[in-house]
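The sequence and the structure come first.

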Amino acid sequence: MERINKENYFVKDPSKIPSPSLLLYPEIVKQNIKKIIAQIKSTDNLRPHIKTIKSEELIQLLVDAGINKFKCATINEAKILGEMRITDILVAYPLVGWQVEQFVQLILKYPNSYFQCLVESIEAAKLLNFHAKKNDISIPVFIDINFGMSRTGIELTKIENFSEDLEKFENITFVGFHGYDGHIREIDLEIRSKIVRKKFEQFLLVKNKIEENLSKKLVCVFGGSNTFPIYAEYPFVECSPGTFMLWDWGYHQSLPEQHYEFASILFSRVISKPSDNTICLDLGYKAVASENPLEKRFIIIDHQNWKPLFQSEEHLVLEVPINELNDIKIGDIKYIIPFHICPTVAWYPYYQVIINNEVSQIWKIFPRF
């Protein structure tokens, strides 16, 4: 059972904190930012994904550290970056339907920001080109590559032909390649690296040929939390992890070579002792990411031996050792590390910001849309 230093997260006066709440420790965030910059060696090769943090204040911490390129997944995330006057913004998502028109409006509304998006189909390219032509602009696009996750993207064997087709559109500018290989999760870094390098070296042959044909260099944006340390070895690649700022228990277990600290955790209270060996916390599945099995949704600091029995919308029932039950009081506070911080953040309207073990302020979490 791994010991976690509870003193890093203890709040002196929690009486004004509602539960459940999402706590944030900005000094730990700053440490995590310093670590990743040292690992990648240059902020020019770092394009963080903001889908995890969803906070202007947290984005500003990255800007203050010298980072000026960002990746996002939704139109609203791109809008926030535009409002903050971020100069280089990549919407790393296939845009279709309503999103295309909204994306064009962002380009028009925030001319000081360089907005780019992904494309992986001729149908989407036609739609982008139509709206771009209607507004007398050119849209810079990245070809999204399928490295085996088979969620989105084009297979390597089809990229060259697709790039030639893109060049035929008058109001689209082909600027680079994007790839996310979130399915490569081998715990052993050496094994993970071999898998990534093999596929990436195949891609580089195609990339070099396309660049030669077009007589221009193309930007490469690759790697999430699981693979960015491998792509960081290539000096021309922009790495785009997102979780490093906050970190979570899932990556703590599966990426042992990465030593980031938990900068955002959950705050919950005991609300009931319904039987001789069970308690209930106010931490239902509306308060923590719940895509994983129940036993892989959270870790309770200091109580990793407590067994989760079931979770409903607002309740979490746990089995506790009988010899501990008398020491547990209604209203007791528990500090909890989520397995998956990204969707957990999306459940909350704001962070409770903790500085020197006290609630300092709240930072708004902006919604997906």
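Is Ser150 buried or exposed? Ser150 counts as exposed, because its relative accessibility is 58%; buried means under 20% relative accessible area, exposed over 50%, and partly exposed in between, with a 1.4 Å probe and protein chains only.

## Basis of the model

The model is predicted: local features need pLDDT of at least 70, side-chain atom pairs count only at pLDDT 80 or more, and totals for chains, interfaces and linings use all residues. Residues are numbered from 1 along each chain as its sequence is written, and side-chain values use heavy atoms, with hydrogens and water left out.

Helices (H or I, at least four residues) and strands (E, at least two) are DSSP runs, numbered from the N terminus. Contact means heavy atoms within 4.5 Å.

## Backbone exceptions

Most residues other than glycine have a negative phi, and most peptide bonds are trans. Ser150, in the loop between strand S5 (139-145) and H6, has a positive phi, near 55°. Asn357 also has a positive phi, near 65°, and lies in the loop between strand S15 (350-355) and S16. With a relative accessible area of 24%, Asn357 is partly exposed.

The peptide bond from Ser19 to Pro20 is cis, with omega near 0°. Pro20 is placed in the segment before strand S1 (21-24).

## Helix packing

Two packed helices are described by the angle between their axes and the distance between the axes. Axes are lines fitted to C-alpha atoms, for helices over the stretch in contact, and angles run from 0 to 180 degrees between N-to-C directions. Angles under 35 degrees count as roughly parallel, over 145 as roughly antiparallel, 65 to 115 as roughly perpendicular and the rest as oblique. A crossing is left-handed if the near helix is turned anticlockwise from the far one by less than a right angle, and right-handed if clockwise. In the residue classes, Ala, Val, Leu, Ile, Met, Phe, Trp, Tyr, Cys and Pro count as nonpolar, Asp, Glu, Lys and Arg as charged, and the others, Gly among them, as polar.

Helix H3 (residues 75-83) and H4 have axes that come within 10 Å and cross at roughly 0°, so H3 is roughly parallel to H4. Ile75, Ala78 and Lys79 of H3 meet Gln99, Gln102, Phe103 and Leu106 of H4. This contact of H3 with H4 has 4 nonpolar, 2 polar and 1 charged residues. Helix H4 (residues 98-109) also packs with helix H5 (residues 122-134), at an angle of about 40° and with the axes 10 Å apart. H4 and H5 are therefore oblique to each other, and H4 passes H5 in a right-handed crossing. Val100, Glu101 and Val104 of H4 make the contact with Leu127, Leu128 and His131 of H5. The residues of the H4 contact with H5 comprise 4 nonpolar, 1 polar and 1 charged.

The axes of helix H6 (residues 156-166) and H7 come within 10 Å, crossing at roughly 15°. H6 is therefore roughly parallel to H7, and their crossing is right-handed. On the H6 side the contact is made by Leu156, Ile159, Glu160 and Ser163, and on the H7 side by Lys199, Gln202, Phe203, Val206, Lys209, Ile210 and Asn213. Here the division is 5 nonpolar, 3 polar and 3 charged.

## Nonpolar cores

A nonpolar core is a set of buried Ala, Val, Leu, Ile, Met, Phe, Trp, Tyr and Cys residues joined through side-chain atoms within 4.5 Å. The largest one has 121 residues, and Phe177, Leu246 and Tyr351 have the most contacts inside it. Helix H7 (residues 189-214) gives the most to this core, with 6 residues. A second, separate core of 6 residues includes Ala92, Phe142, Val175 and Val221.

Not counting residues up to four places away in sequence, Phe177 touches residues including Phe142, Ile159, Phe203, Ile210 and Val221.

Phe228 lies in helix H8 (residues 228-231) and counts as buried, at 0% relative accessibility. Leaving aside neighbours within four places in sequence, its contacts include Ile36, Ile40, Cys239, Pro241 and Tyr260. Phe228 and Tyr180 are 48 residues apart in sequence and 9.7 Å apart in space, C-alpha to C-alpha.

Phe369, in the segment after strand S16 (358-364), counts as exposed at 69% relative accessibility.
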